[in-house]
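Work through the exercises below with the model open beside you. Try each task before reading its solution.

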Amino acid sequence: MVFDELRQKIAKSWICFILLGVGCGLMNDAYAQNQITFNDHVVHIIHRNCTPCHHKGGIGPFSLITYQDVAKRADFIQRVTGTRYMPPWKADPTFQRYKNERLLKPHEINLIKVWVENGAPQGDLQKVPSPPTFANNPHLDIEPDLILPMTQPYEISDTGIEDFRFFSVPTNLEKDVYLKAIEFEPGNRRYVHHSRIMVDTTNQIRGIDRMSEYDPRIKEFQKTPLADEFMYGWVPGNLPIVFPDGTGKPLKKNSDLIFNVHYAPSGVPDTDQSTVKLYFTKKPVSREVKTFALRENDIVNQPFVIPANNVKTFYLRSAPLSNEIQLISVLPHMHTLGQSFIAYAITPAGETIPLVRINDWDFNWQSTYVFREPLTIPERSIIYAEGVYDNTSNNPENPNVPPKTVTYGWNTTDEMMNLIMYYLDAPPIGPIRRDSQD
Ligand code: HEC
């Protein structure tokens with residue numbers, strides 16, 4: 001009891017602290033008189049943190065917009081926010097923080113809790129805020145320069161089986177460009193589960209269009225090295241990647257984009273025509289955004305084989321960096337046997353720079369983690385990563401029952417171990433091009 005009171009006091013002071021500018025006294029009064037209401041307080045948290053996925057046509061299983069939507073699930077919402085199951089965010093915030101993180105603040109979790117415990121009152125009916133709208137382009141206030149939809153709609157089958165497809169989308173770019181931002185817009189928010197965009201400059205992979213990952217011909221296409229194996233990765237809730245001012249990601253003329261799209265099982269026929277939107281740089285580019293990928297070849301304890309009924313840890317290690325770099329983001333990648341992942345850099349002085357830690361890996365919630373500010377990694381530092389894989393029947397995500405020995409491959413039933421990083425070479429090298437649209 002005393003403990004509860006203490007907790008409430010702590011919660012109050014948190015809210016005071018955060019809402020100082022809004023009026024601390026008011027907030028205290030609200031608590032004292034049990035006046036935490038939906039219309040005054042809770043709605044803002046829900047609209048900002050939940051509605052982007054939980055709306056009609058969004059990927060959340062139900063809408064969280066109106067008082068009725070939220071109040072009828074009040075206990076459930078208290079539980080999923082209290083355990084941080086929602087909003088989904090996998091990177092451990094005690095290890096590193098990010099610009100794009102989706103985390104409720106402790107006072108917001110508490111506010112929902114107190115509201116639910118007080119019977120989830122609606123509050124002043126005059127104050128019903130208007131529901132947020134989901135414009136085509138809610139995150140960028142610039143217009144795309146190149147809109148690249150899949151060449152034709154893809155018919156999602158009604159077999160109730162997960163489907164992994166490749167699509168080839170020619171850019172027909174007449175000149176090399178620098179990208180300021182990359183956005184993926186799923187054509188079917190219900191069934192497009194995640195997507196990865198690759199770049200081919202040889203035009204030799206066009207035959208992959210609409211092929212299933214399980215098609216044996218895929219192995220032939222995999223022999224052609226890609227110019228960029230990971231231009232962009234989209235998962236539900238992921239925002240477009242926007243590169244820092246003065247930087248841009250180069251894309252060669254006449255490149256083809258290869259979409260690798262994962263469709264969730266559907267019991268009814270449906271269609272998808274997803275789109276990539278490319279935003280060219282308008283300001284002078286003085287530094288190129290590069291992709292640095294640690295991959296299976298960089299594993300130090302080869303071979304990359306996860307025997308059936310084993311839990312195994314693999315270690316990635318980069319060569320010492322030949323110059324100082326600035327890391328913009330990291331994206332760890334494993335498949336369904338993955339259990340945990342950690343990446344960090346160690347400087348020549350012995351200092352550890354945390355990059356990302358995921359304590360409970362979830363194949364369905366992968367993300368590009370964008371650092372709040374680009375992270376300087378000194379010359380001769382080494383980047384390390386460790387991934388733990390559980391290939392036993394204790395792993396409910398294990399695609400093989402009983403477990404089978406698993407090795408490298410693109411299919412979800414194979415495994416991968418990547419750490420994909422967007423970075424800049426430091427120091428700046430001066431304008432390399434005034435305007436990529438010239
Ligand atoms: C990035 C998209 C996204 C965001 C943001 C998000 N959700 Fe969800 N939510 C989902 C998806 C997808 C599911 C269904 C799959 C699952 O349960 O993991 C889900 C499931 C749920 C469930 C049902 C859980 C269950 O066990 O069945 C609740 C309750 C929920 N969300 C509440 C919330 C609340 C409250 C917020 C905001 C604080 C929120 N969600 C933010 C995508 C999201």
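Two strands pair if DSSP finds at least two bridges between them. The model used here is predicted.

**Exercise 1.** State the strand order of the open sheet that contains β14, and find which strands stand at its edges.

Solution. 
1. The open sheet is made of four strands, in the order β14-β19-β16-β17, and the pairing is antiparallel.
2. β14 (311-317) and β17 (352-358) each have a single partner strand, so they stand at the edges, and one side of each is left without a neighbour in the sheet.
3. Ignoring direction, neighbouring strands of this sheet are turned by 15 degrees against each other on average.

**Exercise 2.** Describe how β14 pairs with β19.

Solution. 
1. Strand β19 covers residues 382-390.
2. Seven bridges join β14 to β19 in the antiparallel sense.
3. Opposite Val311 stands Asp390 of β19.

**Exercise 3.** List contacts of Phe259, leaving aside its neighbours within four places in sequence.

Solution. 
1. Contact here requires C-beta atoms within 7 Å.
2. The contacts of Phe259 that remain are Met150, Phe166, Phe167, Val169, Ser195, Ile197 and Ser274.

Definitions and conventions:
Residues are numbered from 1 along each chain as its sequence is written. This is a predicted model: local features need pLDDT of at least 70, side-chain atom pairs count only at pLDDT 80 or more; totals for chains, interfaces and linings use all residues. Two residues are in contact if their C-beta atoms, placed from the backbone, lie within 7 Å. Helices (H or I, at least four residues) and strands (E, at least two) are DSSP runs, numbered from the N terminus. Axes are lines fitted to C-alpha atoms, for helices over the stretch in contact, and angles run from 0 to 180 degrees between N-to-C directions.
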